[in-house]
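Welcome! Please take a look at the sequence and the 3D view below, and then walk through the briefing that follows.

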Amino acid sequence: MTDQTIEKIILWMNKLITELEQTVNQPFLLQIKGFLENQIQPFTITFDVTSADKKITDRTNIPAKLLNEILWRTGHLPMFYDNAEYEKRFLTFIKSTSNRAKVIAIDTNIIIRNVIPNLSKQFDIYDPESPFYHSTFPIILISSFSLVELSYQADQRFKNTKIPEHLKKHLNDISIAKPHVLMALIGRQTLNSESMNLLMKLKTQRGRRGFLALQKIDSLKRNYPHIIIKSPNLVTEHRATTSTHNDLLIVLDFEFFHRNTTSDLVFLSADKNLILNAESFGFKTIFIKQPHHNTLLLNHIGQKKSSKLTIASITKIIDELLEFSPYIEITPYIKNTNSYQELPEFCWALTADWVGRSISAHSATQIRAVALAEPKNIIYLEKP
């Protein structure tokens, strides 16, 4: 690895895998490690990346319910899992012909859960990355209040609360053996007694959720036809203090748009109560229910070509995990007869947020990567 910015994190992952294959010259596993902030425990997920059909071979301390959510967010589980009625509504809306503009109004939770790109991919409606794909996607309608809500979340840092002692102890312990993790988080190439105090400036899980969701909005704006609606209902000087009030303001934004246009509009939300609220305004609605099963739904992976595990999709899983964990450590292993041999020269720590970020870097869709073998070799990976 050279100290340079690589255009996409997926390209970097592919390069890492290629270097491993050339150096190791035998099958290996890729272990993803982190710390689930809300569950108060470290976790690991192990991928077999050298086989033709890549798969998850093991997981430790990551609840099935959470892993199902991440697999769902990354398109490995159907968006309408156990929800045939709403899948039919969606396909009817997409396939219907009309002289009116089709508009999909999306709730904040639809943004966070990455629903639009996965719907377009799973139903082969639209591929923004292909210059030869001519099918157009409906206009995406985003409420300005979603931006306000997510911006407020993104500012949630440990300094505003208190860094949990269990997390601080964990990071302190891991920094002794693997200082690249702490270096990635605080943005320093050397560690001293003040290093742990810098963690107070990092975003909490709520902050990371808001920040990463703002990046997803940027991606939607780059890749899909869209409108940001700001109705007279939004007063930016006053932030709503309850989620119910927040939801009402978003629905009122969409009601204002619906009332003042002739568009064919449908409202998507993962909140059943908000669906009922929107229906009271006369909207077409589609409920997006994510799987909440306590058993891992791995049998669904690979049923469709688009849901197979690939290096690109594993990278997207890592990206989603960075909401739940402050860092992700990538650790390759060679599987011996009765044990696993770690390859420290290929260990990396990734973080989506770090202390000392410049304003320009803070708004960019970047991930910081620091190598265990060369902790001063910091690179910045741009997300696709």
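## A first look at the model

The mean pLDDT of the protein, where pLDDT is the predictor's confidence in each residue from 0 to 100, is 85, and 90% of the residues reach 70 or more. Over residues 1-6 the pLDDT is below 50, and this stretch has 21 contacts in the model beyond near neighbours in sequence; a contact means heavy atoms within 4.5 Å. This is a predicted model, in which local features need pLDDT of at least 70 and side-chain atom pairs count only at pLDDT 80 or more, while totals for chains, interfaces and linings use all residues. Residues are numbered from 1 along each chain as its sequence is written, and side-chain values use heavy atoms, with hydrogens and water left out.

**The protein as a whole**

- The protein has 13 helices and 13 strands; these are DSSP runs numbered from the N terminus, with helices being H or I of at least four residues and strands being E of at least two.
- Of its 384 residues, 53% count as buried, where buried means under 20% relative accessible area, exposed means over 50%, and partly exposed lies in between (1.4 Å probe, protein chains only).
- The protein exposes about 17,500 Å², and carbon and sulfur atoms supply 50% of that area; accessible areas come from the Shrake-Rupley method with a 1.4 Å probe, and for residues only the protein chains shown count as cover.
- Among contacts with a separation of 6 or more, 68% are between residues 24 or more positions apart.

**The nonpolar cores**

- A nonpolar core is a set of buried Ala, Val, Leu, Ile, Met, Phe, Trp, Tyr and Cys residues joined through side-chain atoms within 4.5 Å.
- The largest nonpolar core has 96 residues, and those with the most contacts inside it are Trp12, Ile104, Ile106, Ile116, Leu268 and Ile330.
- Apart from that core lies another of 20 residues, including Ile174, Met196, Leu198 and Leu199.

- Five strands form an open sheet in the order 6-5-4-7-8, with parallel pairing; two strands pair if DSSP finds at least two bridges between them.
- Strand 6 (226-229) and strand 8 (284-287) are at the edges with a single partner strand each, so one side of each has no neighbour in the sheet.
- From one strand to the next, the twist averages 25°.
- Strand 5 (residues 139-143) runs parallel to strand 6 and is joined to it by four bridges, and Ser143 has Ile229 in strand 6 as its bridge partner.
- Helix 6 (residues 144-154) packs on the sheet and touches strand 5 and strand 6, its direction making about 55° with that of strand 5; axes are lines fitted to C-alpha atoms, for helices over the stretch in contact, and angles run from 0 to 180 degrees between N-to-C directions.
- Helix 11 (residues 272-279) also packs on the sheet, where it touches strand 7 (264-269) and strand 8, and its direction makes about 170° with that of strand 8.

**Strand 4, covered on both faces**

- Five of the five residues of strand 4 (residues 102-106) are buried.
- Lys102, Ile104 and Ile106 lie on one side and Val103 and Ala105 on the other, and all are buried.
- Five bridges pair strand 4 with strand 7 in the parallel sense, and Ala105 has Phe267 as its bridge partner there.
- Four bridges pair strand 4 with strand 5, again in the parallel sense, and Ile106 stands opposite Ile142 of strand 5.

**Strand 11 and its antiparallel partners**

- Trp348 and Leu350 point one way from strand 11 (residues 348-351), Ala349 and Thr351 point the other way, and all are buried.
- Strand 9 (residues 328-335) pairs with strand 11 in the antiparallel sense over three bridges, and Glu329 has Ala349 as its bridge partner.
- Strand 12 (residues 366-371) pairs with strand 11 in the antiparallel sense over four bridges, with Ala369 as the bridge partner of Leu350.

**Two asparagines in loops**

- Asn25 is in the loop between helix 1 (9-24) and strand 1 (28-36), has a positive phi near 60°, and counts as exposed at 65% relative accessibility.
- Asn61 is in the loop between strand 3 (55-60) and helix 2 (64-73), has a positive phi near 65°, and is partly exposed with a relative accessible area of 39%.
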